[in-house]
Every structure is written in structure tokens, then in C-alpha cells.
Amino acid sequence: MSRSVLEALTSYTAMQCVPSDGCSVFLRVRASITLHERLRGLEACTMSLDTQETQCQSVWVARASHRQQVGQQLQVYFGCFAVSVAQHLYVTLRTIPHFCGVQLDQKHLVEAGKLSYWVDRRRKAILVQVPRASGSPDYYVRLCHKRFTCEDVGAPVQVTANKVSRAVSLPYSQELPCLCLEGWSATPDAVRIQICPFENDTEALEVLWDTVYYHPGSPTLSWEPTCPVSGHVSLCWRPGPGAGCHKLQQSSQLVHRRVQYPLVDTQPQLCLKFSTSWGSWVRCPFEQRRFPTPPTSRCTCVTGGSHSSLPANPHSRPARSLQPQVTPQPPLPLPS
């Protein structure tokens, strides 16, 4: 029998959870084979490189299968092999009956301290399962905002080694790309595992641009990033709902820090445009008059002096006295 009958061997760590007894770590084995008329089954074995303990499982191929489907590819899944965290294993796959040289093997390390989690959006909580390991110390988990360092969102939760249930619920107030789950064992200089569930979540990205505030006393329009971002923000002019937002020249600022535009009038067409590697977003804080307006109109944002060019839609443009301005910068043309 040719060795090509055994195409691939895949092993991976899985967790099996029982409500009354928490979760345990197991190894799953999957084989890709080509059916052969002399193939009766497969045998997968794991051997601990530390203790030499061996576990084997067999899967039999029905006679009808190998007679009618010779040459066809087949995926074979074995049951769960009991393993321990940080265990080094040697995994082998052989045919039944065994033919000399027809075998696949690989080494597998059961990952230490790997966390499993589930996001419960309805309850706004992240459910964390800390894997159980023989002789392991206590464990800590927490939520944090990942900036230069990971800043606490709440106090760390300690999971004791003798605790029956190793599941923890960590509540959060807002889904953000920089909201991360961090776990580490209660040993000196322990390596910390960090997982950020919303890192590539579209809804979480949308939240970043909603922290636009208007301060009527100044009057100042400001935005401050809730997560580290890289890109630019600028003032833009949107003639109407659904229309393109025309960037106002020389209003661009970096978004990695707090952004402020002083002396801003609450014109519905005045918006902020955020441009990053993820894409572009536009926020028009005065479109629905969500913010209080200043008691007197003070004209704003992008330069003193008059302008020769105005927004393209003549019906949506403000009176000349209300056109966006900023003092004391040189004149900046509005889009035409």
C-alpha cells in the first residue's frame, strides 16, 4: 500500500465543559485519507514525551465504503484524547492493517493557560473559562483598555486553583476595539495572555467616532479617541443628507490625540471627517441639533475673512456671515 493513502494528520486542542465540573482540556485528531481496497481502518495514538503514557483509538471503514468508493478522499475524526496543559505529545496515525512505512506523525504542545471566552452582548459581559491543570496556581483575569499599557477597566478577578467552577463573568460598558481580556497565573513574572474580542468588530469601530462634544461656552468642537488610532480628522462641508462631505483646507489634524476646533458655529452642514487605515467616517454633530447652541452666533472654524468659493448646493449654503471661519489663520477656501 502506498504511503499517499494517508494524506494529512491534524491535531488541535479543544475544551469540554460540564456545568457541574467546569472545563477540561482534550486533544482532537483528524485524518485525511484516500480510500484503498485493502484499507480496513485507521489507528491514532498519542504518547506523552514526559511519561511515555500512550492512548490509542481506532476507526473502522465499512466494507461497503471501501468497495464502492476506492480512490475517494475521506475525512476521519477521532474521539477526544485526555491531555494536560503544557504537555508535550507525539501523535501517530497508521492504517489497519498496518503496512510498513505507511504512517504519519507529528509533535503537539498543549498550550498553557489558553483562555476560552464568549461574548454575551445582551448582558454586556464577557464569559471567561480558565482551563484546569493539575497542580496549577491561582489565576487572574481582568478587562483592560489597551493603550501604551493595558489600563484596568475593573478589578482583576482571582480564580483559585481548587475552585469547582473556573468560569468568570466580566461586565463591560462599551464595545471598543481596544477592550481586551487579560489573564495570568499567580506566579512571579508570569506571562500575560491578552485577547481583544472586538479588535476587528465593525460595530466597535463605529463607536470610536461618536465621542464628539460641543462646548457652547467656548464655543469649541472637540473629539478625543477612546482607543489608540492612527489617521487624520478634518472639518468638512456636507450640503445635504447622503451628499459627499467636502474637506475644508488646512483643517486636518492627527487623530492620535485630542482634537479641538475653537469658535465653532452650530451649522447643520458642518461635519468632521475621520480618515484611517480602516476606512473613513463622517460625523455631523449639529445635523439633529443634539448639542446646545451658543447664545449668539460666533463664526467659526476655518478662517477669518471672506471666501470666493462656496459649497456647491446654493440652497444648503449658509448666509455669508455664517460661513465657516477660524481666527487667526489665513483664509482657507471652501469647496466649490
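This is a predicted model: local features need pLDDT of at least 70, side-chain atom pairs count only at pLDDT 80 or more; totals for chains, interfaces and linings use all residues.
In what order do the four strands of the open sheet stand, and is the pairing parallel or antiparallel?

Reply: The open sheet has four strands, in the order β4-β3-β7-β8, and their pairing is antiparallel. At the edges stand β4 (54-60) and β8 (103-109); each has a single partner strand, so one side of each is left without a neighbour in the sheet. From one strand to the next, the twist averages 15°.

Now look at one pairing within the sheet. Strand β3 (residues 41-48) and β4 run antiparallel and are joined by seven bridges. You can find Thr 46 opposite Gln 55 in β4.

Next, the nonpolar cores. The largest one has 41 residues, and Leu 221, Trp 223, Tyr 261, Leu 272 and Phe 274 have the most contacts inside it. Domain 2 (116-195) and domain 3 (202-283) both give residues to this core, so it lies between them. Another core, of 24 residues, lies apart from it, and includes Leu 9, Leu 27, Val 102 and Val 110.

Finally, some aromatic rings. The whole structure holds seven aromatic pairs. One of them, Tyr 140 with Trp 184, is stacked, at 5.7 Å centre to centre and 20° between the planes. Tyr 140 is in strand β11 (residues 139-146) and Trp 184 in strand β15 (residues 179-185), 44 residues apart. Tyr 140 counts as partly exposed because its relative accessibility is 25%, while Trp 184, at 11%, counts as buried.

Note on methods: Residues are numbered from 1 along each chain as its sequence is written. Side-chain values use heavy atoms; hydrogens and water are left out. A nonpolar core is a set of buried Ala, Val, Leu, Ile, Met, Phe, Trp, Tyr and Cys residues joined through side-chain atoms within 4.5 Å. Buried means under 20% relative accessible area, exposed over 50%, partly exposed in between (1.4 Å probe, protein chains only). Domain bounds come from an automatic or database domain assignment. Two strands pair if DSSP finds at least two bridges between them. Helices (H or I, at least four residues) and strands (E, at least two) are DSSP runs, numbered from the N terminus. Axes are lines fitted to C-alpha atoms, for helices over the stretch in contact, and angles run from 0 to 180 degrees between N-to-C directions. Rings of Phe, Tyr and Trp (its six-membered ring) pair if their centres lie within 6.5 Å; planes under 30 degrees apart count as stacked, over 60 as edge-to-face and the rest as tilted.
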